[in-house]
Structure formats: C-alpha cells, structure tokens
Amino acid sequence: MAGSSARPVLVLNCGSSSVKFAVLDPKTGQRAVTGLAERVGSPGTEVTIRRGDETSTEQPQDGSYEGVLRSVLGSVDGLDGSGVAGVGHRVVHGGPDLTTSVVVDDEVLSAIRDVTDLAPLHIPANVAGIEAVRSVAPDLPQVAVFDTAFHHTLPPHAYRYAVPASWYDEHGARRYGFHGTSHRYVSACAAELLGRPLESLRLVTAHLGNGCSATAVRDGVSVDTTMGLTPLEGLVMGTRSGDVDPGLLGYVAERLDMDVRGVVDELNTRSGLLGLSGVSHDFRTVSEAAGDGSRSAALALEVFVYRLAKAVAALVVPLGRLDALVFTGGIGENSAELRRSVMTSLGHLGLAEDAAANADHGRETAGRVSVSGSTVALVVPTDEELVIARDTEALLRPAGTAG
C-alpha cells in the first residue's frame, strides 16, 4: 500500500451465519482485500474474496468460524510481504464496563461473554470470531471495538429507565445505544466538512439502514441516542418496530397465545417497514411500491419519516441548538426523497432543502444538501471498518511511535 507506513489491519464483522471482512490501510482506508463468508456453520459455506478487480469464491471443507477464518487469513498471508498487524473485531455490546476499544486478552474475552444476555443474537458470533482467530493464528493480536462504546458518555438522566432501581443495579437494565462507531466517525467528518472544531458543534447524526438510530453529539461526545438496552428501541427500521408501548407485549402475548420471547422476536424480525408495508424490509422496494400506488407502503414511509423527524427534534433538547443534521447509512446516504421529507418536517428548526444538491447527494457541495443560510444538513458516507482499523492500529502501535 503505497504512501503509508502502517501495516494493514484485518477487520472482521462476525454475524450469526456470516463473516464480513476487509484488509485495509488504517491511514488511507484503502482496501486491499474485501469479502463475505455466508452460511457459516452450515453445509455449503461459501467465502467470496475480492482483490482489486478479481473475485474468487471458495467452499472450505470446514464451514465453522475457524475454517472460514483459516481461509480468510490464508488469502491475506504475505500481503505486500508484510501480513497484517492485527485483527479488529466489531463487537455489538460492551455492557456497562467495556467502554472503549481494547486489546483482547482472556479477561476481556470473559467480560464480552458476560454480556451475552444483553445481545444474545450477536455476542456468541463475536466471541466465535475471536476464538477462531486465536485458534488459527494464536500470535496475531486482536482488538475489540464496541458499538456501544461511543455512548458511554450519556449522562444518567439519559441512560436510566424509570424502572425499579434494582433492575439497573443488579441486572444492568439501562440505555446503552448502538451504531456508536458510525456516529463517532460521521460526527468527526462533519466537523471537517464544516471547517469547525468538533468540540464546538451540536450535531444530530442519523444512521439509517436496515437498522436505524439517531444520536445527539454535543462538543464531540454522545449525550443521548435512540437505541437502548437492545437495538430494538427507537426509530422504525427494516424489520424492527422501534418504540412501542411495553404493555403491547402482554396484550399481544395473551391474544396470540405467545410468550414474551416470541413477541419480541416478532418485533425484531417481522415489524418495521416490513410489518407496516407487507411488501419488504428494504426501503427502496417499499418506496417503489408506494410509487406504484400501495397504500400500506406509503403509510410505512410516512411512519418512518414521522418517527425519525420527531426523534431528531427531541434530540435537540440536550444540544440546546442544532448546528447540523447528518445523514448516513444506506438510506441516509442514498435516498434524496427521505432527506427531503425529513427536512420539510423540520423546517421549524431552520432546515431547508437545496433540491439540486440533495438530488446529487451532496457530492459537489461538500456533503451539504441544505440551502445557504439555513441550518446545515449533510450527507456523510460512514466507514465503520476504517474506525475499527484505526483503533486497532493505535492500540497495537509500539509505545512512542507517532500515529
């Protein structure tokens, strides 16, 4: 990787049946290798690896996480004659104690396992990825980067629920927040685009994809966010309901003869855009259906926009003022219609669309999609992998070495 003295970092995002990976330069963000392993742990595991313009597909005999990671590490062995400096893992939940990126050792791994109950769909896969790298390359250092870490600065009045204190004291029931790596990255990018110190800005960052969350960033730190104990709370998402009356769980459980776990599963997997539209969880497909006359799809979009705009307005409360609204994620970066609707709903906060810039997704206007003189609205592409790579490189850098 010309132009950089940093050794590349392997970034892993291990899901319940997939592993997304990239080998990138932590200085420049240049990807030497990217790829995806699918159906991990099942017959027919397939690993797709892209190097530049070349794409190859492998079907490892061992479809476990260990087998997949052996295949992945084999593909990057000797990259530019140097190999990788280490492995950075996206870990969904750090609980109350893991509040910053950290080099993984036995104690850290045990602490990650201890928060499994807070993210039962994600933590086992995250742990499996760490253990697989240990088995395949035991001398390769690893770093855990937590989705929840950026939100550890929330004040108690923002993260506490109005529930019995023992629920918090004994079981950690509180708002943790997620998508922190993305919110952290785009807020710093927004400051660069605005030419102002991040420590002087009041921002709302909206990460909008299949999962959605919005965060109030005051003077560079998260002071409130829409997701909570789990990634189910907050905005309407692809298949997740976002906020509902807690009494809904008992109401539906009784009438459909389900237990609470079953109702929560429905709220996670069959709700959101999918549940409202009856068409799809994909924002693009729902938008197309609405354009073709589907009333349920149109309603799904209206609910999505309304709940988002209402959340953004609420997040201005801890900020005191709004310097910029930042759109990111697959929907936030690519849907001019969504951004237009949100800005229109928030005209009372001074937001006004620049139609031409918005249609161009802010490419020619340094990300800005609002008219001059209005409250700023920006489109900032997120890059969580780059944040993970940079945290990994910084933690593994020899003491006294310049960053």
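Helix α3 (residues 123-136) lies across β1, β6 and β8. Its direction runs at about 165° to β6. Contact here means heavy atoms within 4.5 Å. Axes are lines fitted to C-alpha atoms, for helices over the stretch in contact, and angles run from 0 to 180 degrees between N-to-C directions. Helices (H or I, at least four residues) and strands (E, at least two) are DSSP runs, numbered from the N terminus.

This is a predicted model, in which local features need pLDDT of at least 70 and side-chain atom pairs count only at pLDDT 80 or more, while totals for chains, interfaces and linings use all residues. Residues are numbered from 1 along each chain as its sequence is written, and side-chain values use heavy atoms, with hydrogens and water left out.

- An open sheet of 8 strands has the order β5-β4-β3-β2-β1-β6-β8-β7. Its pairing is mixed.
- β5 (54-58) and β7 (102-103) stand at the edges of this sheet. Each has a single partner strand, so one side of each is left without a neighbour in the sheet.
- Two strands pair if DSSP finds at least two bridges between them.
- Strand β6 (residues 87-91) pairs with strand β8 (residues 142-146) in the parallel sense, over 5 bridges.
- Within this pair, G88 stands opposite V143 in β8.

**The sheet of five strands**

- A second topic is the open sheet of 5 strands, ordered β11-β10-β9-β12-β13, with mixed pairing.
- β11 (221-225) and β13 (376-379) are its edge strands. Each has a single partner strand, so one side of each lacks a neighbour in the sheet.
- Neighbouring strands of this sheet are turned by 25° against each other on average, direction ignored.
- Strand β12 (residues 324-328) runs parallel to β13, and 4 bridges join them. A324 has V376 in β13 as its bridge partner.
- Helix α11 (residues 295-319) packs on the sheet and touches β9 (202-208), β10 (212-218), β11 and β12. The direction of helix α11 makes about 20° with that of β10.
- Helix α13 (residues 336-345) lies across β9, β12 and β13. Helix α13 runs at about 155° to β12.

**Strand β9**

- β9 is mostly covered, with 7 of its 7 residues buried. Buried means under 20% relative accessible area, exposed over 50%, and partly exposed in between (1.4 Å probe, protein chains only).
- In a regular strand the side chains alternate between the two faces of the sheet.
- R202, V204, A206 and L208 point one way from β9. L203, T205 and H207 point the other way.
- β9 and β10 run antiparallel, joined by 7 bridges. They form a hairpin with 3 residues between them.
- The bridge partner of V204 in β10 is A216.
- β9 also pairs with β12, in the parallel sense, over 5 bridges. H207 stands opposite T328 in β12.

**Two loop residues**

- S16 lies in the loop between β1 (9-14) and β2 (18-24). S16 is exposed, with a relative accessible area of 58%.
- Leaving aside neighbours within four places in sequence, S16 is in contact with V40, Y65, L121 and A125.
- S16 and V303 are 287 residues apart along the chain, and their C-alpha atoms are separated by 30 Å.
- T45 sits in the loop between β3 (31-38) and β4 (46-51). T45 counts as buried, at 4% relative accessibility.
- The side chain of T45 reaches the backbone oxygen of S42 at 2.9 Å, and that of G63 at 3.5 Å. A polar contact is a pair of N or O atoms within 3.5 Å; within protein, one must be able to donate a hydrogen and the other to accept it, and residues adjacent in sequence count only if both atoms are side-chain atoms.
- Beyond four places in sequence, T45 has contacts that include E38, R39, E58 and V68.

**The whole chain**

- The secondary structure comes to 15 helices and 13 strands.
- The radius of gyration of the chain is 21 Å, close to the 22 Å that the globule rule gives for 403 residues, so the chain is as compact as a globular protein of that length. This radius is taken over C-alpha atoms, and the rule is 2.2 Å times the number of residues to the power 0.38.
- Of the 403 residues, 50% count as buried.
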